[in-house]
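Please open the model in your viewer and keep the sequence panel beside it. The stops below say what to select next and what is to be found there.

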Amino acid sequence: MVDRRGFIILVSLAALLPASASAAGRQPVPQTIDYGPAKLDIYAPDGAKNLPVVFFVHGGAWRLGKRSQVGAKPAFLLANGFVFVSIDYRMLPEADVATQASDVEKAYAYVRANIAQHGGDPNRIVGMGHSAGCHLIALTGMRGGLPSVAALILDDTRAYDLAALSRNGGMVRAYARVFSDPSQWAALSPASYVDGKKHPPTFIAYSGASGRGEESKAFAERLGATGTKVTLFDGSAYTHMSINRDFGEDGDALTAAVMAFLKAAVP
């Protein structure tokens, strides 16, 4: 686990990253593709060939957000030898969470089948999501909906185990509206699919927002018990928004930790 002391160390190490977002220059222009239910953007360096891929799912309480809300991620990751993909998926109330998860899996299937044409390696795709997108990546990744995914980066959600969340008093506000049917909780909980098999290496980060640490630690412990390699990042110095927004910015500790994880997961 990357604790508070480790956080401080990572801040100092972040300056040693190969290229920062500012060094990467202006935001790269993506190629936009319709994958069926929605669209996705592919950002690739010029002359890319067989590069690892980060497949990103945005947050927004399952109701808001769009694929263009990626901050410094594309510029930073391209500068460090990755292809970056950001997807849209249908929002509530048009589509329920089960449909959103299906959209994520369809987008991933499209990317895996076609990313080589854009310089990406289909065997080195890392799923990454923030907030609602974190839940969707965790859900689809744990249940096998992202075939051959190389690793997962889960950035700040409480929605790992919905029944446990309800028992602990966490099923409030946005969660209660989104997950209003208890009969669906098991199917929509990433924790339901953890036991009994080893999963891809998983990086779990949590902010200082209410309940994020407790739920993330419980999920990491359960996942680690399967023999899965788990990295747990204490991001309690971040807000729920800044833990996503600051990725790729100069001196960001989470970025340094994620890059170390990626170096091991997709060398």
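**First stop: histidine 118**

Select histidine 118, which counts as buried because its relative accessibility is 16%, where buried means under 20% relative accessible area, exposed over 50% and partly exposed in between, with a 1.4 Å probe and protein chains only. This is a predicted model, in which local features need pLDDT of at least 70 and side-chain atom pairs count only at pLDDT 80 or more, whereas totals for chains, interfaces and linings use all residues. Residues are numbered from 1 along each chain as its sequence is written, and side-chain values use heavy atoms, with hydrogens and water left out.

Histidine 118 sits in the loop between α3 (97-114) and β5 (120-130); helices (H or I, at least four residues) and strands (E, at least two) are DSSP runs, numbered from the N terminus. Now show the side chain of glutamine 31, with which the side chain of histidine 118 makes a polar contact at 3.4 Å. A polar contact is a pair of N or O atoms within 3.5 Å; within protein, one must be able to donate a hydrogen and the other to accept it, and residues adjacent in sequence count only if both atoms are side-chain atoms. Residues up to four places away in sequence aside, histidine 118 touches Gln31, Ile33, Ile42, Ala44, Ala48 and Val83, a contact being heavy atoms within 4.5 Å.

Which backbone oxygen lies 2.7 Å from a polar atom of the side chain of serine 86? The oxygen belongs to arginine 67, a residue 19 positions from serine 86 in sequence and 5.3 Å from it in space, C-alpha to C-alpha. Apart from neighbours within four places, serine 86 is also in contact with Leu40, Asp41, Phe56 and Val70.

Select residues 212-224, helix α7, whose 13 residues reach 18 Å from first C-alpha to last, close to the 18 Å expected at 1.5 Å a residue; the expected span is 1.5 Å times one less than the number of residues. Colour its buried residues, Arg212, Gly213, Glu215, Ser216, Phe219, Ala220 and Leu223. Seen down the axis of α7, these buried residues fall within an arc of 165°, so they line one face of the helix, the arc being that of the directions from the helix axis to the C-beta atoms. The face turned away from the buried side carries the exposed residues Glu214 and Glu221. Among the elements covering the buried residues of α7 are α4 (132-142), β7 (202-207) and β8 (230-235).

Helix α9 (residues 253-265) also has 13 residues, and its buried residues include Leu254, Val258, Phe261 and Leu262.

**Last stop: the whole protein**

Zoom out to the protein, which has nine helices and eight strands and whose C-alpha trace spans about 50 × 45 × 30 Å along its principal axes. Buried residues make up 55% of its 267 residues.
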